[in-house]
Amino acid sequence: MSEFEENGWDDEALCGDNHGVGNGIEVEALCQLQAGTDVFFLIFSAALVFFMQAGFAMLCAGSVRQKNVKNIMLKNLLDACGGALGFWSVGYAFAYGGQDSTVKTFIGNTDFFIMYFTAGSDYVFWFFQFAFAATAATIVAGTVAERCKMSAYLCYSLMLTGFVYPVIVHAVWSTNGFLSPHQEEPLWGSGMIDFAGSGVVHATGGITALIATRILGSRKGRFYDERGNVLSKPKPFPGHSVALQVLGSFILWFGWYGFNTGSTQTVLTAAKARVAALAATNTTLAAAGGGVAALFTNLVIMERYTGEAIFNLNFAMNGCLAGLVSITSGCAVMEPWAGIVTGIVAGLLYLWFSRLLVKLRIDDAVDAIPVHMINGVWGLVATGLMAAPGRMLDAYGTQDHVGWFYEWGRGSANFTLMGCQLVGICFIVGWVTVLMMPFFLLLNYMGWFRSDALEEVVGLDISYHGGSSNNVGEVKSEYLDAFRKRRDEQIRQRSGQRFTTGGGGHGGYVRRRHGQRKR
């Protein structure tokens, strides 16, 4: 992803061979037009990626119960706000600061607060990368929905976008990352291929979500009764609006075209135009393959075990998203048939892992973990298997190390690219786990992570946002009465503290006057 920033917009890189152009003025005008075209291309792509925030918001809102809609919507909004501030202050610097393809560094060390940006290329590249960072943070929101405190959510959103995610970006996409294919001496002569972020974005977010929900625990009544006994059958918590879920899925699919094609970063050459067009095609085919595979595989399973044919809309939607996640790594280096295969396998993996989480009693409110984590990893593996030589030449300028299936066709069985992919997977899993597990454990130990049991039962909208109980028919009146009683008591205690605190000031004055009258 660093070619855009590494090359800049010098005349030679953009204009190519200008022999025969009438004069220097025409050459300059052509270069300015090309530069403006690339700026617009990236702004438009970044806007599509940012629009995915709306898709996540709609999907999450439709997947939770009505009593928690306002809460999950605010958390999605905070992802964009916190992600922007975190990536502006330190995130971008850690990810791309100090670009130099001749050396390898673990973390960036310049461009904090983007203080020295002057060129349009710098600003648009920051905007494009911020949209990706916000996406990584948003993945976690749905998983921990309906039971996570607001303060904790803002804390780990800043942690993820400001430090954890940028280090992974630096390793894979920066010109001096140890896994970067743009290095002058990449790992094993190849480097890791993750064109648009199956691993960097989606696996990172998915692993974080798994750690978070494992420490946070399941929603009340999902797997255990009120006494803590395991339920014989997990209690389903269906979302309140299928329409919002479908709308969110379509918005995400639409935004993914900016995610994948925009990672080309320029369309001014025939090769780059082919890369962008192929990325869009594979994005479409993988999503379709994943949705169809998940829908009909579940249909066969349900008919076999229950005797009833059920066309499950949720599985179809998440199957499409699973296909999109899986193709994000190899969308520019796979043939269309490979894109379909990748999507189909992604749909099947989603079904398997979704059921596995339920068996393990790991509560994922929107199935973000099987969609993003397992298929982020599968996307990297699929690239290591099916990256085509000609497509690698267009996208990365080399075909020395390609997908393992193609290497067998060459008669070499060269495992280099696949080996780099596996090293990248291990790095992402290890880095996220080492940082986020103690971080969430600390939040949980301090009591900042999980909402109070009564707050969770009555709904986070009422608990944190002043929501009206008139819209929450699913909550028993005795729980609402208990919550109101406790809240009123807390308000009285806080008010009493303000008027009984000793010392000077208005509070002390009131206390002293009251004491004098009493005597």
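Reader: At what angle do H5 and H7 pack?
Author: In this predicted model, helix H5 (residues 120-143) and helix H7 (residues 198-216) pack at about 30°, their axes 8 Å apart. Axes are lines fitted to C-alpha atoms over the stretch in contact, and angles run from 0 to 180 degrees between N-to-C directions. H5 and H7 are therefore roughly parallel (angles under 35 degrees).

Reader: Which residues make the contact?
Author: Among them are Phe132, Ala136 and Ile139 of H5 and Val201, Gly205 and Ala209 of H7, contact meaning heavy atoms within 4.5 Å.

Reader: And the numbering and cut-offs?
Author: Residues are numbered from 1 along each chain as its sequence is written. Local features need pLDDT of at least 70 and side-chain atom pairs pLDDT 80 or more, while totals for chains, interfaces and linings use all residues; side-chain values use heavy atoms, without hydrogens and water.

Reader: Now H12. Where is the kink centred?
Author: On Asn375, with a kink of about 30°; the bend is the angle between axes fitted to the seven residues ending there and the seven starting there.

Reader: How many of its residues are buried?
Author: 17 of the 19 residues of H12 are buried, so the helix is largely enclosed by the rest of the structure. Buried means under 20% relative accessible area, exposed over 50%, and partly exposed in between (1.4 Å probe, protein chains only).

Reader: Thr37: buried or partly exposed?
Author: Thr37 is partly exposed, at 33% relative accessible area. Thr37 lies in helix H3 (residues 24-63); helices are DSSP runs of H or I, at least four residues, numbered from the N terminus.

Reader: How far apart are Thr37 and Val267?
Author: 8.6 Å in space, C-alpha to C-alpha, and 230 residues in sequence.

Notes: Helices (H or I, at least four residues) and strands (E, at least two) are DSSP runs, numbered from the N terminus. Angles under 35 degrees count as roughly parallel, over 145 as roughly antiparallel, 65 to 115 as roughly perpendicular and the rest as oblique.
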